[in-house]
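I open this notebook to record what I looked up in the structure shown below. The entries follow the order in which I consulted it.

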Amino acid sequence: MARERSGRTIAHLVLATRLKTLREAAGISREEAAGALGAHVATVRRIERAATSLDGNQVHTLLRTYGAGTAEIEEILGQLVIANLPGWWHPWRSVMDAWQLDLMSVESAARIIRVWEPALVPALLRTPAYARAVDNVRRPDLSSADNDRRAELLVERQQRLRQQNTYLWAVMSAAALHTSVGGESVMAEQRQALRAAVERPDVTLQIYPLDGPCHVMTGMPTITMYRVDVPGVPDHVVREGDLHGRAEVLSGLREVSAYHVLLDHASVLAPHPDDSKEALS
C-alpha cells in the first residue's frame, strides 16, 4: 500500500481531513463509523490521521454512512486514486527516518519553514558534503552509500522548496561556524553556500553570537516549524531528540502556538540578518 511504502502525501492528508469533517458534520462518532466498517475504532482514528492507506471499499462505506450523495462519493473516490500515489520522495524512502516519511508531505506544502539550530548549520542550508560529514558522525549505522543517498535527497528537498517559493527563516548558533565538520575544505564550501543563501529573497538567517545572553531557546534541541497554507492541514513542529534518527512531531494547536512564540522571541533577540551577513564574511 502506498502509505506504508512512502509516507503520507498532501492529497492523503487533505482527503483524510475531509472524511473526518464529514463524519463530524453527520453527528456520527468514531465508534459508530468503526461499527459500519466492522473494524476497531482505532482503524477510523488512523484513517482520519492519515496514518494508514485509504482503502476504496472502506472510504465508500464511510461516505455512505455519513450520508454523502452519489456525486460527492464519486468525487472523493476519484481523489482517492491520487491520494494513494507514492510521494516524490519515494525513491529515497529506504534511507529516510520514520519521522521524515511522515513529514515530507507537510514540507512539500509549507509556505514558511522556521528553524532553531543550536550547534550545526540548519539541515536545509547544508551542502551535500557537510550533510554527509554530519551523518558520518551521527549515523554510524548507515553505510557510505546510504549517506550519499541521503545527501541526494537533501539536494532534491532544497530544490523543490525553492521551486514552490517556500520561505526559510533560520536562527542558528555561531557555534556552527566554529565547529569543524568534515575538515576545512568542507567548512569553506559550507560558509560560501551560506553567504550565497543569505543573498536570496527566500532565506533569512540570524546567527546568535557565542557571547550572547541566555534566551528562551538556549539548551533546546533542533526545532523546525512548518507553516502550511492547505485548508484542513495544520502547522507542524518537529523537535529532534537526542537519539539520532528520531524526532517528536507535533501538530496540536497549543503545542505549535507555544513553539511559534518561542521562535518569535529567539528571532527578536538574535542579531539582525545583516549582522549575520557580516559574521559570515
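**Entry 1. Salt bridges.** I counted 18 salt bridges, taking as a salt bridge a side-chain nitrogen of Lys or Arg within 4 Å of a carboxyl oxygen of Asp or Glu. I note that this is a predicted model, in which local features need pLDDT of at least 70 and side-chain atom pairs count only at pLDDT 80 or more, while totals for chains, interfaces and linings use all residues. Residues are numbered from 1 along each chain as its sequence is written, and side-chain values use heavy atoms, with hydrogens and water left out.

**Entry 2. Arg150 and Asp97.** I looked up the salt bridge between the side chains of Arg150 and Asp97, which has an N to O distance of 3.6 Å. Arg150 lies in helix 9 and Asp97 in the loop between helix 6 (70–83) and helix 7 (98–107), so the pair ties together parts that are 53 residues apart in sequence. Helices here are DSSP runs of H or I with at least four residues, and strands are runs of E with at least two, numbered from the N terminus. Are these two partners buried or exposed? Arg150 is buried at 14% relative accessibility, and Asp97 is buried at 9%. I use "buried" for under 20% relative accessible area, "exposed" for over 50% and "partly exposed" for values in between, with a 1.4 Å probe and protein chains only. I also recorded a network of salt bridges that links Asp97, Asp135, Arg139, Asp141 and Arg150.

**Entry 3. Glu152 and Arg149.** In this salt bridge the closest N and O atoms are 2.8 Å apart. Both residues lie in helix 9, three residues apart, about one turn of the helix. Glu152 is partly exposed, at 38% relative accessible area, and Arg149 is partly exposed as well, at 29%.

**Entry 4. Lys277 and Glu199.** I found a salt bridge between the side chains of Lys277 and Glu199, at 3.9 Å from N to O. The pair links distant parts of the chain, 78 residues apart: Lys277 is in helix 13 (residues 273–280), and Glu199 is in the loop between helix 11 (184–197) and strand 3 (203–208). Lys277 is partly exposed, with a relative accessible area of 30%, whereas Glu199 is exposed, with 56%.

**Entry 5. Helix 3.** Which residues of helix 3 (residues 30–37) are buried? I recorded Ala33, Ala34 and Leu37. Seen down the helix axis, the buried residues fall within an arc of 100°, so they line one face of helix 3; the arc is that of the directions from the helix axis to the C-beta atoms. The face turned away from the buried side carries the exposed residues Glu31 and Gly35. The cover over the buried residues includes helix 2 (10–25), helix 4 (41–48) and helix 5 (56–65), contact meaning heavy atoms within 4.5 Å. Just after helix 3, I noted that Gly38 takes a positive phi of about 70°.

**Entry 6. Asn165.** I then turned to Asn165, whose phi is near 60°, a positive value in a residue other than glycine. Most residues other than glycine have a negative phi. Asn165 is placed in the loop between helix 9 (144–163) and strand 2 (167–173). Asn165 is exposed, with a relative accessible area of 65%.
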